[in-house]
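Me: I have just opened this one and would like a careful walk through it. Could we start with the aromatic side chains?

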Amino acid sequence: MPNLLHPDWDAERDQDGFRWRRAFLGRQAGARQLGASLFAVPPGGATFPLHAHLANEELLLVLAGRPTLVDEDGARELAEGEVVAFPAGRAGAHRLENRTDGEVRLVLVSTMLAPEVNLMLEDGTAWVRDYVPGTEPPADAVDFCMPLGH
């Protein structure tokens, strides 16, 4: 049984400023259509580039620390306990950073729909895939990036 306070970490990233540990709590608990990931983000780290999901909605729960939410309108520091929704579509675009000197812990809850298109707004591409985000792609997966059209 997964535990939010004493997680079993499933993944780790330390590349190009994106630094975190991740526990796939939803998967660990047996969820099939709902994802929930606990992230531990060290000082100076970020989860992912500024992006929007066209198919999936996410809900952020700030457990500890003061992450910075970056969206297309700017940036703002969030408080412990804050809850933020990222609806599907460009209006839900987000990037989460840790600009503090302490670890940030947050949970992202999401629908688990496929196919999915992510608008990667920092490099102007669209990431298209026919499998659920946060899962391993099957061998025959559709998975490619292309420039965003204007």
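**Aromatic rings**

Reply: Phenylalanine 39 is buried, with a relative accessible area of 1% (buried means under 20%, exposed over 50% and partly exposed in between, with a 1.4 Å probe and protein chains only). This is a predicted model, in which local features need pLDDT of at least 70, side-chain atom pairs count only at pLDDT 80 or more, and totals for chains, interfaces and linings use all residues. Residues are numbered from 1 along each chain as its sequence is written, and side-chain values use heavy atoms, leaving out hydrogens and water.

Me: And is tryptophan 20 buried or exposed?

Reply: Tryptophan 20 counts as buried, at 7% relative accessibility. The rings of tryptophan 20 and phenylalanine 48 have centres 5.7 Å apart and planes at 50°, so this pair is tilted (ring centres of Phe, Tyr and Trp, its six-membered ring, pair within 6.5 Å; planes under 30 degrees apart are stacked, over 60 edge-to-face, the rest tilted).

Me: Which rings make up the cluster?

Reply: Ring pairs link Trp20, Phe39 and Phe48 into a cluster, and phenylalanine 48 is partly exposed at 23% relative accessibility.

Me: New topic: which charged end sits over the ring of tryptophan 127?

Reply: That of arginine 129, 3.6 Å from the ring centre (the rule asks for NZ of Lys or CZ of Arg within 6 Å of the centre and within 35 degrees of the ring normal). Likewise, the charged end of arginine 27 sits over the ring of phenylalanine 24, 4.1 Å from its centre.
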